[in-house]
Amino acid sequence: MKWKRYGKIFSPQEYGLEYAKSPQAVVFEEFIRIYFSACKKDGDKLISYVCFADFSKDFKKTIRVLKQILPDGNPGCFDEHGIFPFSPMEYEGRIYGYTSGWSRRRSVSVDTGIGLAVSDDGGESFVRVGEGPVLTSSLDEPFLVVDGFVRRFQGQFHMWYIYGQSWRVFEEGAEPDRIYKIGHAVSNDGLIWKKEGRRLIPDRLLDESQALPCVVFYQNKYHMFFCYRSSYDFRTNRERSYRIGYAVSEDLKTWDRRDEELNFTAPETGWDGQMNCYPNAFVTKGELYLLYNGNQFGKYGFGMAKLEGF
């Protein structure tokens with residue numbers, strides 16, 4: 001693939017925000033809205049919350065930024081300690097926002113689940129359909145169900161998400177690190193989901209974790225973009241940190257991983273020189289764009305690239 005990189009298009013610090021994680025686009029007639037998660041302090045930890053930025057169609061102007069469009073989760077709920085990522089999709093005149101809720105644990109750092117909030121005002125504000133998740137742990141996926149990305153293809157709702165395989169202590173004295181893979185579920189109404197019950201994408205690394213899949217239909221094929229990393233020593237070690245992966249399918253069932261064709265690697269220096277993560281692909285005016293975060297998991301904002309050829 002050949003990409004035109006636009007560089008960083010949004011810096012959260014310019015708007016008094018900390019982080020702009022997991023940018024996800026909705027294309028409107030007059031502008032493009034990008035939802036993302038910012039962070040605020042909660043003692044010595046952080047809580048993620050949902051914001052958006054509206055851009056002109058040529059991405060040369062940021063029209064406005066709206067902060068915290070969904071209230072924090074209630075005590076004891078699956079999203080009590082933040083929402084990240086937030087995955088929007090248009091359906092029958094409404095915008096469905098699939099929320100990834102975080103709640104803290106004692107023996108390990110967190111657990112997660114996927115919820116749903118709905119907007120009836122064009123995505124300006126959202127209301128939860130309930131206090132619980134629409135997709136969560138199960139017998140074979142016992143924890144860390146998160147990163148839900150939903151689209152309607154072939155007359156059905158499809159969700160790609162990640163699920164935890166294990167918590168492991170890789171070095172003596174260290175806290176447990178999580179290992180997770182990409183799964184798939186289907187639904188007739190966007191509320192009641194049936195898991196496929198298998199992992200979709202094979203590993204390339206010995207201790208690989210995969211995150212934040214997104215799928216777009218483009219030029220008669222389904223294209224999946226995701227990020228992956230080593231499961232420990234990834235936060236500051238560039239060689240073990242997040243990079244973007246790629247797979248292709250013709251039927252939404254069999255996925256062929258083709259990272260080598262993606263040709264999207266982190267530069268040696270700069271805001272995205274340490275890592276590239278949390279991709280989101282979207283199509284507007286027949287062209288495919290890719291949003292992504294850079295160093296420190298989106299601390300310095302998000303960038304964009306346009307596909308110019310295969």
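Predicted model: local features only at pLDDT ≥ 70, side-chain atom pairs only at ≥ 80, totals over all residues.
1. **A cis peptide bond.** Most peptide bonds are trans. The bond from Phe84 to Pro85 is instead cis, and its omega is near -5 degrees. Pro85 belongs to strand S6, which covers residues 83–91.

2. **Positive phi at Gln68.** Most residues other than glycine have a negative phi. Gln68 is not a glycine, and yet its phi is positive, at about 45 degrees. The residue sits in the loop that runs between strand S5 (62–66) and S6. Gln68 counts as partly exposed because its relative accessible area is 28%, a value between the limits of 20% and 50%.

3. **Positive phi at Gln219.** Gln219, also a residue other than glycine, has a positive phi near 50 degrees. Its place is the loop between strand S14 (208–218) and strand S15 (221–230). Is Gln219 buried or exposed? With a relative accessible area of 52%, Gln219 is exposed, since the cut-off for that class is over 50%.

4. **The hairpin of S14 and S15.** These two strands form a hairpin with two residues between them, and Gln219 is in the turn. The pairing of S14 with S15 is antiparallel and extends over nine bridges. Within the pair, Ser209 stands opposite Arg229 of S15. How many of the 11 residues of S14 are buried? The number is 10, so S14 is largely enclosed by the rest of the structure.

5. **Cys227 in strand S15.** Cys227 is a residue of S15, and its relative accessibility of 0% places it among the buried residues. Apart from neighbours within four places in sequence, Cys227 has contacts that include Ser209, Gln210, Ala211 and Leu212. Other contacts of Cys227 include Tyr242, Arg243, Ile244 and Gly245, as well as Asn276, Cys277, Tyr278 and Pro279. Between the C-alpha atoms of Cys227 and Ala247 the distance is 11 Å, and the two residues are 20 apart in sequence.

6. **His81 in the S5–S6 loop.** The loop between S5 and S6 also holds His81. This histidine counts as buried because its relative accessible area is 17%, and the class requires a value under 20%. A polar atom of the His81 side chain lies 2.9 Å from the backbone nitrogen of Arg104. If residues up to four places away in sequence are set aside, His81 touches Asp42, Leu46, Ile47, Ser48, Trp102, Ser103 and Arg104.

7. **Asp79 in the S5–S6 loop.** Asp79 is likewise found in the loop between S5 and S6. Its relative accessibility is 2%, so Asp79 is classed as buried. Beyond residues up to four places away in sequence, Asp79 touches Gly73, Asn74, Gly101, Trp102 and Arg128.

8. **The largest pocket.** The space in the largest pocket is about 1100 Å³. Its lining is made up of 38 residues, and those nearest the centre are Lys21, Trp102, Val110, Arg178 and Arg235. Which strand gives the most to this lining? It is strand S4 (residues 45–55), with four residues. By class, the lining has 19 nonpolar, eight polar and 11 charged residues.

9. Strand S16 (243–249) and helix H1 (259–262) are the elements that give two or more residues to the lining. H1 provides the largest share, three residues. The lining divides into seven nonpolar, five polar and five charged residues.

Terms used: Residues numbered from 1 in each chain as written. Heavy atoms only, no water. Buried < 20%, exposed > 50% of the residue type's maximum accessible area, 1.4 Å probe, protein only. 1 Å grid on protein atoms, 1.4 Å probe; cavity = no way out; pocket = protein on both sides within 12 Å on 5 of 7 lines; lining within 4 Å. Points joined across faces, edges and corners; volume = space filled by probe spheres on them. Nonpolar A, V, L, I, M, F, W, Y, C, P; charged D, E, K, R; others polar. Polar contact = N/O pair within 3.5 Å; in protein donor to acceptor, adjacent residues only side chain to side chain. Contact = heavy atoms within 4.5 Å. Pairing = 2+ DSSP bridges.
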